[in-house]
Each structure stands twice: as C-alpha cells, then as structure tokens.
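Work through the exercises below with the sequence and the model open.

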Amino acid sequence: MLRCPILLIVFLAAMSSLCVSQARAQPVAPGQHVKLAESNEQLVPLHREPKPSMVGRIPNGTVATAVDAAQDDRWPRVTTTADPSGWSVPRRIEDVVAGPAPPTGAPAAADRADEDELRVWKSASSCEDIVHTGRRMANARGDVLRIATWNIRWFPDGDLNGTPESRTDLPWLTCALAWMNADVVALQEIRTTPEAAQAWKAVTGGLSALTGNDWKVGFQECGSPMRQHTGFLWNASRVELSDPRDLWKLNGAAEGPEAPCASGLRPGHYRMVRAKGGGVDFHIVSVHLDSGTTPRDRTNRDTAIGRIAEALAPVLPDDSDAIVLGDFNTMGDGTPEAAAAEIRALGTAVVNQPAAFEHVAVEPACTEYFDGHAGWLDHVLVARAMTEASQRTARVTGYCALASCARLPRPPAAAERLSDHCPVIYEGDNRDLD
C-alpha cells in the first residue's frame, strides 16, 4: 500500500478562525490525517515553502497527513497520497479524519506497522508502548538475518562537549533497537570511556530484558576513548561475531598498520559473522570515513573506498561473502550536486575492484539530516559473490523515513535525543549457500 510519511508536529490549540466549515480550526494530534478545503474554490493551493510560493493545487476535500510545521505553527506541511506535496495554512484544515481508506486487499497489519513505526520514533514512552506488547519491525520475507548500521551521534554524550541536555536517551535507544529486531548493528561515532561502557551495559541489559536474548558490543582498539569509534552490537543468542580486527586501510589518512587511527580518523572494524544453527556466515566491516567538504576530506574518503578489496584480501580467499556498511560521509563539497556525484562514484569504485561489491539502494534515499536538509551518508555494500545477499535494497527507518526526506524546519525529538542519523536495515537470507 502507499505509505504516508508522518512526523510529530505541534499545532496551536486555537488556530485561524477562517476555517471552511467551523469557527475554529481543529487541533491536530501526532500522525492524524486532515481534510483540506478552500472556501468557494474547487482546488486547494499548496506551497513549496512556508510562505506564498505556490507549487500546485489539490482537489477540495483531499485527505492528507500533517508532517511538519513552520516555526510559528502557522504553516503545516501536508503530504497526500499523490503529488504534489507542500505547505498549507490552518484555515484550510476543515476537519481531522480517520485517514484515507487503504487500497482494496491491503492488509490491516500494514496500517499497524506504519503506526508502530511512527510511535517508536515519537518518544521513549511511546516506543515502549509498542515494544512491551511484543511488536517488532516485520521481516520483509521469511528466514532472514537482519543487519543494520547506525551512527549514534557521540554516544553516550550526544555531542562533542557532552552537555547534560544532549546526552543519548538510553531507554529510548534500547527500545528502538529492540523494535528494529536486528541481529547485528554496525555502530559509528561511539566513545569508549568508562561512562560509555556503563551506558552500553544499561543498553544491553535492557535489550536482554526486552528480548530474552544475550547482547554484546565490541569496538576498534585504537584511538583515545574520547574520540569516535566504529564497532558492533549483536544478538549473541542468534549470531557469533569473532576474529576482531582493525582494518587500517579503511582510514584514508593511514599509511600503515602502525597508525590505524592516523589523523584522528577511524579504521574499519572487522568481524566474522556466523549465524547459530547452521545459518549464513560472512565477513562484516563497520566503517566511518572522513567527514568534511575540503579536498583533503574527499581524498581520504576516496582512498579508503579504493582500498576496500585490498583491506579484505587476507580473509576473502576463505569466504568471499562480505558486507561493508556504515557512515561513508558522502557529502561532496557540501552541495547536493557534489554529494550526488560522490555517491555515484562510490558505486562505480566498489564494483570495479578485484573483489566486486554492489552498492545497495536505500528507501527512502536519505539517512541523516543537517540544518533541516536530508542527505545520504550511510551506505551498505554487499559482495557480488555473496549468494545470500540477494536483496539490492535496504530500508531506512527513523524520522528520515517518516519525513520521506522532506525538509524539516525543526529537528524532531529523535534527532535531538538519539542521533542526526537514522538506522539503515538490510536483510540477507539466513542460509549457508556456499
């Protein structure tokens, strides 16, 4: 069925008195649908921005979903099940309704899944309402091993300076991870201080309580505890991760194994994954490439990407199955055009290496927000020789998915309490086919 992107918005309880069918506009609760109408007109105007900037018109009586609001709450953004999508004004909200009927034959479970995703990323308590009932993100198909990547901004401090109001919301993080139901999560931007170790103890303990499984974490060895690290969180009841290594070649500034964290950057962190019970096995690497828009930053990223097959060469002869994922920081020189060109270059570079990798598409095509604009920095690469990795699309969840990559004038709560990045989910067949 068609998915309506939804984000929490807050409207003033008393809005414009110019509503079509009543003296006061309806207050809108999170995720509600609204019926739009324009007095004495056949079509309702929509605007490109929260100001007069007409982008198109939709029929009177269209049911839409509110996704955002301008700073003064006077311009709610609405999304319809067809183009165009844009900004409206409260006086055009005729009523709050149940929402458009699903297409004939669409399962009710799909509606609940969408609602669950909205509530998981709304707040810690709302997430817990879902997870404590046993509901989880559904598998796309049968027996799969679910792999995720998530840059959890400066965990557990939330920013470089670790101000109290920025700290990672551990109960919410734990709940969201439980709902995602991933077997392996590649992690980036993680500190390894004693405080971080205690925070992970709380998260893994909470996950065990919610899932009944054993959870573990492990990170790169090099680098100051206050710096950002790559690593993994995994469900040890489902998978075994072994043979940890720091791959210095995936730090584009590193020139040899003696300095894998050269220039304060991160190596790739490697593990061997084996699903328990005779399932899939493969190599996995969590990466976090150089962030920045200078030529030097881009050179470091390109160097690391160009050495992926070389970095994995010592282990690939034993098993050609491999997945490399994480924050590639594909931002170009800071412009959308340059970022798109760098993403295209990533796909070309990895497919032309001796051990060829496929660059997996993500839906929707954004994984983080900066200054209200969506970008695609987090990527999944799968070895072309890996039969179990038959899927060529990964799913993005979090507020990136709920907003469908639309501009966000204000960061949602999950962006402030969890991360500016959103999790990316990839599913492979949980069978050993080689």
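**Exercise 1. Decide whether W150 is buried or exposed, then find its ring partner.**

Step 1. W150 has a relative accessibility of 1%, so it counts as buried. The cut-offs: buried is under 20% relative accessible area, exposed is over 50%, and partly exposed is in between, with a 1.4 Å probe and protein chains only.

Step 2. Note the source. This is a predicted model, where local features need pLDDT of at least 70 and side-chain atom pairs count only at pLDDT 80 or more, while totals for chains, interfaces and linings use all residues. Residues are numbered from 1 along each chain as its sequence is written, and side-chain values use heavy atoms, with hydrogens and water left out.

Step 3. Rings of Phe, Tyr and Trp (its six-membered ring) pair if their centres lie within 6.5 Å; planes under 30 degrees apart are stacked, over 60 edge-to-face, and the rest tilted. The count by this rule is 5 aromatic pairs.

Step 4. Apply the rule. The centres of the W121 and W150 rings are 5.8 Å apart and the planes stand at 80 degrees, so this pair is edge-to-face. W121 sits in the loop between α1 (108–120) and α2 (124–131), W150 in strand β8, and 29 residues separate them. Helices (H or I, at least four residues) and strands (E, at least two) are DSSP runs, numbered from the N terminus.

**Exercise 2. Which partners does the side chain of R146 reach?**

Step 1. With a relative accessible area of 1%, R146 is buried.

Step 2. List the polar contacts. A polar contact is a pair of N or O atoms within 3.5 Å; within protein, one must be able to donate a hydrogen and the other to accept it, and residues adjacent in sequence count only if both atoms are side-chain atoms. The R146 side chain reaches the backbone oxygen of M180 at 2.6 Å. It also makes a polar contact with the side chain of E427 (2.6 Å).

Step 3. Widen the view to contacts (heavy atoms within 4.5 Å). Beyond four places in sequence, the residues touching R146 include N139, D183 and Y426.

**Exercise 3. Describe the surroundings of K276.**

Step 1. K276 lies in the loop between β13 (268–275) and β14 (281–288). Its relative accessible area is 47%, so K276 is partly exposed.

Step 2. Beyond four places in sequence, K276 contacts A236, S237, R238, V239 and E240. Its side chain reaches the backbone oxygen of A236 at 2.7 Å.

Step 3. K276 and V239 are 37 residues apart along the chain, yet their C-alpha atoms are separated by 5.3 Å.

**Exercise 4. Where is A304, and which residues does it touch?**

Step 1. A304 is in helix α5 (residues 295–306). At 2% relative accessibility, A304 is buried.

Step 2. Not counting residues up to four places away in sequence, A304 touches K249, L250, G252 and L289.
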